[in-house]
Amino acid sequence: MSRHDPDPGASAAIGAALYALAIRAVRRLPRDMSLTSAATLATLERTGPRRITDLAAVEGVTQPAMTTLVRVMEESGLVERRGDASDKRVTLVCLTEAGASHVRTRRQQGVHAFERLIGELTGDEVEALVAALPALQHLAELESRDRERPKQ
């Protein structure tokens, strides 16, 4: 796959449009938990059990803040702590079935919100989005890969 260096103006316009869309999407989410809690659940769903220190680094919060957040989510039945079979000193945070269901429901709500908006577009606009789908999926993969790197 060759890499194309887009026109900086086009990149800025695309970036601005995607950013505005992302902000609006976040604002439409249910306010049943913090964005950090929702992001942590999504990380666990995507990557599997993690140490609290790893979760804190990925989510960009302190270890004490993540410990508190995990405790609250544990009390809500969304996560549980389990020992690591490979190292008995380590405790891993795991998504429960209730937590996985919460992530799926929240994701589906977001998908439905976009489906409603897409239903208001013209046929040509929908075709343009369909044509852009591989690039959008690749952007999501790049962002996800970047997100897994601990924040500095």
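Modeller: Helix α1 covers residues 8-28, which is 21 residues. Its first and last C-alpha atoms are 30 Å apart, close to the 30 Å expected at 1.5 Å a residue. Keep in mind that this is a predicted model.

Biologist: What does the side chain of D7 reach at the start of α1?
Modeller: The backbone nitrogen of G9. A side-chain oxygen of D7 comes to within 3.0 Å of that atom.

Biologist: Back up a bit. How many helices and strands are there in the protein?
Modeller: Six helices and two strands.

Biologist: And in what order do the elements run from the N terminus?
Modeller: The order is α-α-α-α-β-β-α-α.

Biologist: What size of box do the C-alpha atoms fill?
Modeller: Roughly 55 × 35 × 25 Å, along the principal axes.

Biologist: Now packing. At what angle do α3 and α4 pack?
Modeller: About 110°, with the axes 9 Å apart. Here α3 is residues 52-59 and α4 is residues 63-75. Angles of 65 to 115 degrees count as roughly perpendicular, so α3 and α4 are roughly perpendicular to each other.

Biologist: Which residues meet there?
Modeller: From α3, I52, T53, L55, A56 and E59. From α4, Q63, M66, T67 and V70. By type, the residues of this α3 with α4 contact are five nonpolar, three polar and one charged.

Biologist: What about α2 and α4, how do their axes cross?
Modeller: At roughly 80°, coming within 11 Å. Helix α2 is residues 35-47. That angle makes α2 roughly perpendicular to α4.

Biologist: Which residues make that contact?
Modeller: T36, S37, T40 and L41 on the α2 side, with M66, L69 and M73 on the α4 side. The α2 with α4 contact divides into four nonpolar, three polar and no charged residues. M66 of α4 also takes part in the contact with α3.

Biologist: On to the strands. In which sense do β1 and β2 pair?
Modeller: Antiparallel, over six bridges. Strand β1 is residues 79-84 and strand β2 is residues 87-95.

Biologist: What joins β1 to β2?
Modeller: A hairpin of two residues.

Biologist: Which residue in β2 stands opposite D84?
Modeller: D87.

Biologist: And what is the bridge partner of R82 in β2?
Modeller: L92.

How values were computed:
Residues are numbered from 1 along each chain as its sequence is written. This is a predicted model: local features need pLDDT of at least 70, side-chain atom pairs count only at pLDDT 80 or more; totals for chains, interfaces and linings use all residues. Side-chain values use heavy atoms; hydrogens and water are left out. Two strands pair if DSSP finds at least two bridges between them. Helices (H or I, at least four residues) and strands (E, at least two) are DSSP runs, numbered from the N terminus. Axes are lines fitted to C-alpha atoms, for helices over the stretch in contact, and angles run from 0 to 180 degrees between N-to-C directions. Angles under 35 degrees count as roughly parallel, over 145 as roughly antiparallel, 65 to 115 as roughly perpendicular and the rest as oblique. Contact means heavy atoms within 4.5 Å. Ala, Val, Leu, Ile, Met, Phe, Trp, Tyr, Cys and Pro count as nonpolar, Asp, Glu, Lys and Arg as charged, and the others, Gly among them, as polar. The expected span of a helix is 1.5 Å times one less than its number of residues. A polar contact is a pair of N or O atoms within 3.5 Å; within protein, one must be able to donate a hydrogen and the other to accept it, and residues adjacent in sequence count only if both atoms are side-chain atoms.
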